[in-house]
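Here are my comments on the model you sent. Please read them with the coordinates open.

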Amino acid sequence: MAVTTPSKSLAKGSRSTRSTIALKLLMAASGAAFIGFVLGHMYGNLKAFGGQEKFNEYAHHLRELGEPLLPYEGFIWIMRVGLLAALIVHVVCAVVLARRAGQARTVKYAVKKNKGSSLSSRTMRWGGATLLLFIIWHLVNFTFGKVNVQTGETGAAAGDPYSLLVDTFDVWWMTIIYLVAMVALAFHLHHGTWSALQTLGLTNTASSRQRAKTAGWVLAVVVAGGFSAVPLSVLLGIIEK
């Protein structure tokens with residue numbers, strides 16, 4: 001019968017710990033890339049309050065960024081590839097870490113208690129899955145398919161993204177779907193910010209932990225609130241064609 005020596009067990013445990021830290025750092029880095037993107041995307045969405053001409057001008061300008069060094073839409077495709085890579089890294093790391101956590105807990109709790117965890121941490125996995133499904137639909141709706149949910153037309157308003165936006169959020173259930181996704185995004189950002197700062201060793205004191213929680217909530221409210229403002233304003237008739 002093989003006997004595992006303490007030194008081998010310690011070495012294996014050390015490698016596993018380093019690997020787990022590396023995965024958490026990759027999650028933090030890919031998450032930071034997404035935070036940068038959603039802040040920029042939110043800024044662009046808020047251009048809708050300036051009216052059809054300004055919003056469409058902004059959307060067209062994005063396609064010309066980097067010219068003549070980059071081809072037309074070159075910047076957008078570089079950004080898409082980078083975001084896709086970050087998404088794959090983020091999801092793979094999340095799955096591996098979740099499996100390791102499950103394997104480490106060999107005995108389930110007789111009574112599950114959540115006194116020490118926040119709502120955002122308890123809903124992290126379901127929120128992440130919700131966001132992934134929403135991202136897929138969002139790309140079909142506004143980017144690759146340009147699906148007008150009112151008419152069923154694809155490639156709708158190819159040169160008029162403002163009209164597609166208004167037609168989409170004039171449909172009440174589309175606005176509800178979007179708002180539910182924004183709630184999931186808010187919780188995800190809150191706990192993700194806390195986890196990233198914890199991984200970086202920035203939550204070692206009571207005051208730093210409080211600052212991390214506050215930073216997470218500020219980011220969550222600003223981003224989710226900023227994104228929600230446009231569909232709500234369309235539904236209420238503040239933004240219209």
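This is a predicted model: local features need pLDDT of at least 70, side-chain atom pairs count only at pLDDT 80 or more; totals for chains, interfaces and linings use all residues.

1. Core. The largest nonpolar core has 25 residues. Those touching the most other members are Leu165, Met182, Leu185, Val223, Phe227, Val234 and Ile239. Helix 1 (6–45), helix 5 (124–142), helix 6 (161–169), helix 7 (172–199) and helix 8 (206–235) each contribute at least two residues to this core.

2. Met182. Setting aside residues up to four places away in sequence, Met182 touches Phe134, Ala224, Phe227 and Ser228.

3. Helix 6 against helix 8. Their axes lie 8 Å apart, and the packing angle is about 70°. Angles of 65 to 115 degrees count as roughly perpendicular, so helix 6 is roughly perpendicular to helix 8. Helix 6 brings Leu165, Val166 and Phe169 to the contact, and helix 8 brings Val230, Pro231, Val234 and Leu235. By class, the contact residues are seven nonpolar, no polar and no charged.

4. Leu219. This residue sits in helix 8. Is Leu219 buried or exposed? Its relative accessible area is 18%, and the cut-off for buried is under 20%, so Leu219 is buried. Beyond its neighbours within four places in sequence, Leu219 contacts Ile35, Leu39, Leu189 and Thr193. Thr193 is 26 residues away from Leu219 along the chain, yet their C-alpha atoms are 8.4 Å apart.

5. Helix 3 length. Helix 3 (residues 74–104) has 31 residues.

Conventions: Residues are numbered from 1 along each chain as its sequence is written. Side-chain values use heavy atoms; hydrogens and water are left out. A nonpolar core is a set of buried Ala, Val, Leu, Ile, Met, Phe, Trp, Tyr and Cys residues joined through side-chain atoms within 4.5 Å. Buried means under 20% relative accessible area, exposed over 50%, partly exposed in between (1.4 Å probe, protein chains only). Helices (H or I, at least four residues) and strands (E, at least two) are DSSP runs, numbered from the N terminus. Contact means heavy atoms within 4.5 Å. The expected span of a helix is 1.5 Å times one less than its number of residues. Axes are lines fitted to C-alpha atoms, for helices over the stretch in contact, and angles run from 0 to 180 degrees between N-to-C directions. Angles under 35 degrees count as roughly parallel, over 145 as roughly antiparallel, 65 to 115 as roughly perpendicular and the rest as oblique. Ala, Val, Leu, Ile, Met, Phe, Trp, Tyr, Cys and Pro count as nonpolar, Asp, Glu, Lys and Arg as charged, and the others, Gly among them, as polar.
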